There are 2 protein chains.
Amino acid sequence: MNLLDGKIVSQAVKDRLKAQTEERMLNGKKVPHLAAILIGNNGASETYVASKVKSCAEVGFKSTLIRFDEDVTEQNLIFKLTELNEDFDIDGILVQLPLPKHISEQKVIETIYPEKDVDGFHPESVGRMVQGLPAYYPATPYGILLMLAHYKIETKGKHAVVIGRSNIVGRPISIMLSKNEYPGNCTVTVCHSHTHNLKEICLQADIIVAALGIPEFLKADMVKEGVVIVDVGITRVIDETKKSGFSIKGDVDFKEVAPKCSFITPVPGGVGPMTIAALMMNTFKACEAKD
Amino acid sequence: MNLLDGKIVSQAVKDRLKAQTEERMLNGKKVPHLAAILIGNNGASETYVASKVKSCAEVGFKSTLIRFDEDVTEQNLIFKLTELNEDFDIDGILVQLPLPKHISEQKVIETIYPEKDVDGFHPESVGRMVQGLPAYYPATPYGILLMLAHYKIETKGKHAVVIGRSNIVGRPISIMLSKNEYPGNCTVTVCHSHTHNLKEICLQADIIVAALGIPEFLKADMVKEGVVIVDVGITRVIDETKKSGFSIKGDVDFKEVAPKCSFITPVPGGVGPMTIAALMMNTFKACEAKD
């Protein structure tokens, strides 16, 4: 059993980006610049945005953090996005989700120009990805591809089973893995809450992406020897043995499943760190596209 | 074995649209209006556009056919599309494909406003479909859904196997069938040229959509008893027993497979006629959206 180590891979991606950014500077080219919008004081959102800003600094990107109070109007937010859309120096724009209830997430996402949509959430970004046009892949599934590529996991002709069909992970990764590229060219089965014979299907899988959000759902008797498992789940469960009072669980029962795997992501430290690396990749590409 | 009869279903869809259009007229509401652009003198394109225009007349829609010579410039075509985009009376715009080589298909498709993109080919239409937002579904896969719905085929929890991953059929139908709606909620497996164990996978299928473009590819020993088969293939093969010198073959070896099926589409007369019915549905919806 080998770990698909998100910390190592995200560091490798960031090291590469850092070198490429230095090269751009040496050649007098534009340095990538990410604008992040944070609304209110949600603790998790604060943490996520802080690590995105920190990652920008690590790889040599510029970043601009824009904060709004919880009660910002939708109009003011949209106005700011319009400004950022028109600002040549800004390559990528992200709005940290979730938004306060009085603001339409969809409207906000669709305001961002697709060419600056480094989160890959705009319908046009999704459509372009599906159709095989150049596009920003959404960060979590893109991070999974970067991880599979780093470990040179063979995907062509493999049977990949994706558990979950969310817009953020399950749906896009199922599409990406079946595209005619690497990583990809898998035979892909999408499973969800209405799937009857999940165990039988998982037992056929060479690759499983678990993205359903039920802690320790996938058990050892549901997978075959040598499977590659990517665990996207990240749920806090009460754990009185921990000082914090909780522990983080993936969708895979790691302890019993890992021994059967050829490769498996740990939780935490698997897919999680890859998301930001993928965001950095998209921001770099958005900048490059202007050359 | 029962036929999924595209002629019957498309007629039923058109009858319903005709009644709904009459009702709109009685209520003083706008009548749907489709603009079709035809370039050059390709025989097949002429035939397709003619039946679209004829279908509009049948259901009481207005239609405008705009013809360009083979040597029309991309600029002139785009200018016309811009005009149609801005014309309030036009609800849906379609450009009959393929286009002459000097014109970028992608550019033309992306010029059409997504709200008038009744062919559902614009990346934004595709993205909205994937994300579960209101969207025009591309005509052929939408026609398949209309057919499954007409025959009240149970899809929830069924294993659907889609053979082919084209942007026009395989990819979108695989997404639609796994969405949380009816027809949908299938466990969906997407197969393609790199799939190793296609037979084994097809044998598990409750529903098969064959969209790979190889005549009579699917044989009886590849399907289980009671399967529902949708055959999207339509290939001309030389047939000296026919007066025309050719016959039309689907991707399914109908003669040997049909006896095992609970439902199967014939070719021709299955999916084919549904495509235009789906286009009429989209045009009606585009008009309704303006109410």
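Domain bounds come from an automatic or database domain assignment.

**View 1. Chain A of this predicted model is divided into two domains.** Domain 1 of chain A covers 28-113 and domain 2 covers 139-272, and the C-alpha centres of these two domains lie 29 Å apart. Residues are numbered from 1 along each chain as its sequence is written, while chains are lettered from A and ligands numbered from 1 in the order in which they are written. Because the model is predicted, local features need pLDDT of at least 70 and side-chain atom pairs count only at pLDDT 80 or more, whereas totals for chains, interfaces and linings use all residues.

**View 2. Three strands of chain B form an open, parallel sheet in the order β3-β2-β4.** Strands (E, at least two residues) and helices (H or I, at least four residues) are DSSP runs, numbered from the N terminus, and two strands pair if DSSP finds at least two bridges between them. β3 (62-68) and β4 (92-95) of chain B stand at the edges, each with a single partner strand, so one side of each has no neighbour in the sheet. From one strand to the next, the twist averages 15 degrees, where angles run from 0 to 180 degrees between N-to-C directions and axes are lines fitted to C-alpha atoms, for helices over the stretch in contact. Strand β2 (residues 33-39) of chain B is joined to β3(B) by seven bridges, the two running parallel; within this pairing, Leu34(B) has Ser63(B) as its bridge partner in β3(B). Helix α2 (residues 43-59) of chain B packs on the sheet and touches β2 and β3 of chain B, its direction making about 165 degrees with that of β2(B).

**View 3. Helices α1 and α2 of chain A are oblique to each other.** The axes of α1 (residues 6-26) and α2 (residues 43-59) of chain A come within 8 Å and cross at roughly 55 degrees; angles under 35 degrees count as roughly parallel, over 145 as roughly antiparallel, 65 to 115 as roughly perpendicular and the rest as oblique. Lys14(A), Leu17(A), Lys18(A) and Thr21(A) of α1(A) make the contact with Ser55(A), Glu58(A) and Val59(A) of α2(A), two residues being in contact if their C-beta atoms, placed from the backbone, lie within 7 Å.

**View 4. Chains A and B meet in a contact that takes 26 residues from each of them.** On the side of chain A that touches chain B, α5 (123-131) and β6 (187-191) of chain A are the elements that give two or more residues, and α5(A) gives the most, with eight residues. The interface residues of chain A are, to 100%, also interface residues in chain B, so the copies meet through the same surface. Chain A can be laid on chain B with an RMSD of 0.0 Å by a turn of 180 degrees and a shift of 0.0 Å along the axis, and the two copies are thus related as by a two-fold rotation axis; copies are superposed by least squares on the C-alpha atoms of residues with pLDDT of at least 70 in both.

View 5. Three bridges join β6(A) to β6 (residues 187-191) of chain B, which run antiparallel, and here Val190(A) stands opposite Val188(B).
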